[in-house]
Amino acid sequence: MNNNNFTWGVSSSAYQVEGGWDADGKGPSIWDNFSHVPGNIKNGDTGDIACDSYNKVEEDVYLLRALGVKNYRFSLSWSRIFPSGRNNSINSHGIDYYNRLIDGLVANNITPIVTLYHWDLPQALQDIGGWESSTLIDLFDSFADFCFQTFGDRVKFWITFNEPQVIAWAGYGAGTLPPNVNDPGSAPYRVAHILLKAHARVYHTYDDKYRASQGGVIALCPNIDWVEPKTPSDPRDIEAADRYLQFLVGWFTHPIFKNGDYPEVMKWKVGNRSELQNLPSSRLPVFTAEERDYIRGTADVFCFNSYTSKIVTHSTTRLRPFSYEYDQEVLTKVDSSWPSSAITGHRAVAWGLRRLLNWIKEEYGNPPIYIIENGVGIKTKSDVDDNTRIFYYKTYIDEALKAYKLDGVNLRGYNAWSFMDSFEWLNGYDPRFGLHQVDFDNPNRPRTPKRSAVYYAEIIRNNGIPLAHLCVSIHALLRTEIVFHRVLQGNMVFA
Ligand code: NOJ
């Protein structure tokens, strides 16, 4: 690859790595409270300490530097900065922490990519209705405004929401993730409506107050699974596959990248089904012309997370109970020959990523694209020798680069999930996604680079898949081990 602007990085998120859940004045988030209820998380795990990244800025930055990443995507814990969620309670210790992290990155030429919301809503804001309440639009805007003002001199890449579909559906529809609202037919649509308005609001704040002086970019980051029609010669399956993507991704990106409004097929399906359900109006809310204008064009780049692919077929679904899931009139399956992983539904299907990138290119007019998360979870305590993960990265990155080099997809960056093993939500610490292993039984939470870290470092150094990666890896492995040993001994000077 000869494009030196291509950015390679790794990702993490606040609740999953920071720990320090109530340190130095941090307020509780919905995830703190949820994980504290016995039975909610596998093995009774919590994010109370997690990887202790709150106390390990130097180590983390050092490991990132050893990896050679050009950027690091992390998220800000809203309640660490505003303990009550509002700008009348500012926690200077939280700000210090993020300043140290950002300064450490910048000093090492690592570009921070910062997500403002990765699911850990301040509990105080859940108490007033969470994302079902439109007051959150103002409150999120004032949090974002503060972050731009405080960190925007050094942070030039912002993401408003991580996986908005998961927030709306898992949080307010299926109710599997906090705040565990179980209202599958209507709350997800209302929440998504508010998320889109909040996103647009924050985008405009950046545009109006900060862009001229700070010159960064801002986007949101949907989760996307590629879907393949079950019978490619059956137009109903092809339509079903497109419909699946529109409900999953277009829900957020059609308004932003196209015309300020939801995809036609969503308006049609939800509207039509609401009528059949004898409802007075569609369960999908409607934007005013003014709102459409306000939302259209509110992303500078196209970010997304992707882990897997599925097979989709058309299905005649039931009308009751009302559900976003049934509204799609699709059935998803997986191919049993696709390698499974620790996460149900996540199978390694590398070629799906190339198709997905091409779909984004065609659907949205080839915007600049960043893969923000991609990786594989493996269920094992110790997987330093993680050849399965190397295979996953090798094949996925290869497909991403085919899309870039051969298909002309405007891909600008790739980020591996994850920088290190971390709190994997409902699954606790069992599935491991890290390029670095973390020993969660040791109070010091030592990190050890896995073989995949060495491999990824080589990809970064080569700006693509190394041809003779086997022999180079040995040197890199040795180098990383020496460095790591010195970190452990505490005799490393951090630049
Ligand atoms: C996407 C989420 O953004 C991240 O928090 C999670 O750990 C990964 N998926 C893996 O499941």
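This report describes a predicted model, beginning with the ligand and its surroundings and then turning to selected helices, loops and backbone features.

## The ligand and its surroundings

The ligand sits in the largest pocket of the model. The residues that surround the ligand are Gln 16, His 118, Trp 119, Asn 162, Glu 163, Asn 305, Tyr 307, Glu 373, Trp 417, Glu 424, Trp 425 and Phe 433. When these residues are sorted by class, the shell is made up of five nonpolar, four polar and three charged residues.

In Glu 373, an N or O atom of the side chain is 2.9 Å from an oxygen atom of the ligand, while in Glu 424 a polar side-chain atom lies 2.5 Å from a ligand oxygen. For Trp 425, the separation between a polar side-chain atom and an oxygen atom of the ligand is 2.9 Å. On its own the ligand has 290 Å² of accessible area, and the protein covers 94% of it.

## Helix H3 and the residue after it

Helix H3 spans residues 57-67, and its buried residues are Val 57, Asp 60, Val 61, Tyr 62, Leu 63, Leu 64 and Leu 67. The helix is followed by Gly 68, a residue with a positive phi near 85°.

Leu 248 belongs to helix H10, which runs over residues 235-259. This leucine counts as buried because its relative accessibility is 6%, a value under the 20% limit used for that term. Between Leu 248 and Gln 328 there are 80 residues of separation in sequence, and their C-alpha atoms are 9.5 Å apart in space.

Glu 291 is part of helix H12, which covers residues 289-295. With a relative accessibility of 22%, Glu 291 counts as partly exposed, since that class lies between the limits of 20% and 50%. Along the chain, Glu 291 and Pro 28 are 263 residues apart, and 33 Å separates their C-alpha atoms.

Most peptide bonds are trans, and most residues other than glycine have a negative phi. Against that background, the bond from Pro 178 to Pro 179 is cis, with omega near 15°. Pro 179 is found in the loop that lies between helix H8 (164-172) and helix H9 (187-214).

A cis peptide bond also leads from Arg 320 to Pro 321, and here omega is near -10°. Pro 321 is placed in the loop between strand E8, residues 309-314, and helix H13, residues 324-327.

## Two asparagines with positive phi

Although Asn 43 is not a glycine, its phi is positive, at about 60°. Asn 43 lies in the loop between helix H2 (30-35) and H3. Its relative accessible area is 56%, so Asn 43 is exposed, the limit for that term being over 50%.

Asn 180, likewise not a glycine, has a positive phi of about 60°. The loop between H8 and H9 contains Asn 180, and Pro 179 is found in the loop between those helices as well. At a relative accessibility of 31%, Asn 180 counts as partly exposed.

Notes: Residues are numbered from 1 along each chain as its sequence is written. This is a predicted model: local features need pLDDT of at least 70, side-chain atom pairs count only at pLDDT 80 or more; totals for chains, interfaces and linings use all residues. Side-chain values use heavy atoms; hydrogens and water are left out. A residue is near a molecule or strand if one of its heavy atoms lies within 4 Å of it. A polar contact is a pair of N or O atoms within 3.5 Å; within protein, one must be able to donate a hydrogen and the other to accept it, and residues adjacent in sequence count only if both atoms are side-chain atoms. Accessible areas come from the Shrake-Rupley method with a 1.4 Å probe; for residues, only the protein chains shown count as cover. On a 1 Å grid over the protein atoms alone, a cavity is a set of points where a 1.4 Å probe fits but cannot get out, and a pocket is an open set with protein on both sides within 12 Å along at least five of seven lines; lining residues have an atom within 4 Å of a point. A molecule sits in a cavity or pocket if more than half of its atoms lie within 2 Å of its grid points. Ala, Val, Leu, Ile, Met, Phe, Trp, Tyr, Cys and Pro count as nonpolar, Asp, Glu, Lys and Arg as charged, and the others, Gly among them, as polar. Helices (H or I, at least four residues) and strands (E, at least two) are DSSP runs, numbered from the N terminus. Buried means under 20% relative accessible area, exposed over 50%, partly exposed in between (1.4 Å probe, protein chains only).
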